[in-house]
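User: I would like to learn how to read aromatic contacts and overall fold in a model. Can we work through one together?

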Amino acid sequence: MPVDVSAPAGPVDTQGLHRAIRWPQAFWLASGVPALVLFSIGGIAATIGNPSWVIWIISVSFGFLQAFVYAEIAGLFPSKSGGASVYGAAAWVRYSRLLAPLSVWCNWLAWTPVLAIGGGLAAGYILNVFFEPESAIRSWQITLVNLDGLKSGLSLRIDATFVLGAALLLLVFAVQHGGVQRAAKFQTIIGLAVVLPLLIVGIVPLVTGDVLVENLTPLRPLAFDDAGNVTEGVWNIPGWTLFLGGLFIAAWSAYAFETAICYTSEFKNPAYDTPRAILFAGLLCIVVYTLVPLSFQGVLGVEGMLQEGIVDGSAVAGAMAGMVGGGSLVFSLMVIMLILALLLAVMTSMAGSSRTLYQGSVDGWLPRYLGGVNSHGAPTSAMWTDLGFNLILLMMSDYLFVLAVSNCCYLIFNFLNLNAGWIHRIDSADTPRPWRCPTPLMAIGVGLSFVNAMLLGAGANVWGEGTLMSGIIAAALILPVFVFRHYVQDKGQFPKAMLEDLHVTSRDLKVRKAGMKPYLALAAGVAIAFAANTIFQL
């Protein structure tokens, strides 16, 4: 449908995004999500120890249960793109003009770092394959800014990883520039080549008997004695803190298949395609996030997981390639396929996060210029913003810290949007629902929103003392951005297109059928996060 974003910069197709795909294409656009396991599998295993494989199974189960709520609310808005945060923002806007954009912003801040982290890891894998650790190309570095105030040892730097990673991001941008249909065709072609190595890594060690039970048990947290030797921990407060910290960081990957509903306004038949896209993507992730961590830990064991390069992810591809056996050719082929998996994850992120920015602009949350699309229906203004932001993140010396801060925003988004499910049922009870989430699953989703609040408070600081505060500050950056758009550019009025999608007028936005319930839910979430942060300490 036509949208008015007041002549955004760049060549614009007045019809906005194009209805060009069906749910299988969206499934393949989301097929990069299984590769996100590569981002933090090493960090979780080396931090938590033996329970890490259980953490992944629990986390992806949470994500799948939550997906049913997202599938329902996505069906309410067949003309919107951008994913669950956009549909959730439509529920919260009646209760606070600040909470609605917070949902969209936190979802974008959670998704967009995949570009930098994935590009950086892929560049690191390539450098590991072709150059020795002591080679000049891997050792040179120019430090631009010291960020010890955020985390010890953190800095912005330019090195070979940055240069190569930036080149990979530009390559992905070029593919995405051709529109969603071309991107979907490209990802369908390489999707099997990407999912296949992850399935090989998950299945082959189980078949060959290389997964050892003694590497999976006992289910006790990792600990060290006074001499620094590995020992079995106990389930005390620090032990449970580590476990919750693992669930915290795993959520960023294991929930992420909800990106399959970022393309609702580009589906040929939104009512049919939307629920199928997210649920089939979820089933794929359940398989990958169960088998890969199980085999990874079962083969390597605690000692193997503490090797250099496992924690930061730079040696994960080599370790996984070694797990399947074979000679140097098989090893190199597996590493190349895992590099492709990372690039597919980057493509998935750029497609989803740019559409979140685009729809945020159309709905009046974010600056107008982000609503620009090219003749192919690609949201190019948002894509350039994504790219520029991630070139800065790509300079970060610690990608795991970036991931942890990003995940603070992601759990805030999940809390708001899971509660948006029942808010929509009250405020938009008469709106047709192409697919309705069973009420028991809706109740489970609401319960998981508070579990996510607990994980935010309990788990964030496992990954660095300033992680939670950095995440809160990052989330709060939406306030001046929204104030500029809403009160300066739009003079306190929402765009007509946003109100039409909600089937309301500006006057109707003041009708709050849920009364105080959303505010009470919000207060309870904040209280749970604060209590968890106070109780769970290392």
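User: How many aromatic pairs does a search of the whole structure find?
Analyst: This is a predicted model. Rings count as a pair if their centres lie within 6.5 Å. The search of the whole structure gives 17 aromatic pairs. One of them is Tyr70 with Phe413, a stacked pair. Their centres are 6.2 Å apart, with 25° between the planes.

User: Which parts of the chain does the pair of Tyr70 and Phe413 tie together?
Analyst: Tyr70 sits in helix H3, residues 52–75. Phe413 sits in helix H15, residues 399–427. The pair therefore ties together parts that are 343 residues apart in sequence.

User: Is Tyr70 buried or exposed? And is Phe413 buried or exposed?
Analyst: Buried means under 20% relative accessible area. Tyr70 has 2% relative accessibility, so Tyr70 counts as buried. Phe413 has 0%, so Phe413 is buried as well.

User: How is the pair of Trp108 and Phe389 arranged?
Analyst: Read the angle between the planes. Here that angle is 45°, and the pair is tilted. The ring centres lie 5.1 Å apart. Trp108 belongs to helix H5 (residues 99–111) and Phe389 to helix H14 (residues 380–393), so this pair ties together parts 281 residues apart in sequence.

User: What does accessibility say about Trp108 and Phe389?
Analyst: Take each ring in turn. Trp108, at 4% relative accessibility, counts as buried. Phe389, at 28%, counts as partly exposed.

User: Now the whole fold. How many helices and strands does the protein chain have?
Analyst: The protein chain has 20 helices and 4 strands.

User: What radius of gyration does the protein chain have, against that of a compact globule?
Analyst: Compare the value with the expectation for the chain length. For 538 residues, a compact globule would have a radius near 24 Å. The protein chain has 22 Å, which agrees. Along its principal axes, the C-alpha trace spans about 65 × 50 × 45 Å.

User: What share of contacts joins residues at least 24 apart?
Analyst: Start from contacts between residues at least 6 apart in sequence. Of these, 82% join residues at least 24 apart. As for burial, 61% of the 538 residues count as buried.

Technical notes. Residues are numbered from 1 along each chain as its sequence is written. This is a predicted model: local features need pLDDT of at least 70, side-chain atom pairs count only at pLDDT 80 or more; totals for chains, interfaces and linings use all residues. Side-chain values use heavy atoms; hydrogens and water are left out. Helices (H or I, at least four residues) and strands (E, at least two) are DSSP runs, numbered from the N terminus. The radius of gyration is taken over C-alpha atoms; the globule rule is 2.2 Å times the number of residues to the power 0.38. Buried means under 20% relative accessible area, exposed over 50%, partly exposed in between (1.4 Å probe, protein chains only). Contact means heavy atoms within 4.5 Å. Rings of Phe, Tyr and Trp (its six-membered ring) pair if their centres lie within 6.5 Å; planes under 30 degrees apart count as stacked, over 60 as edge-to-face and the rest as tilted.
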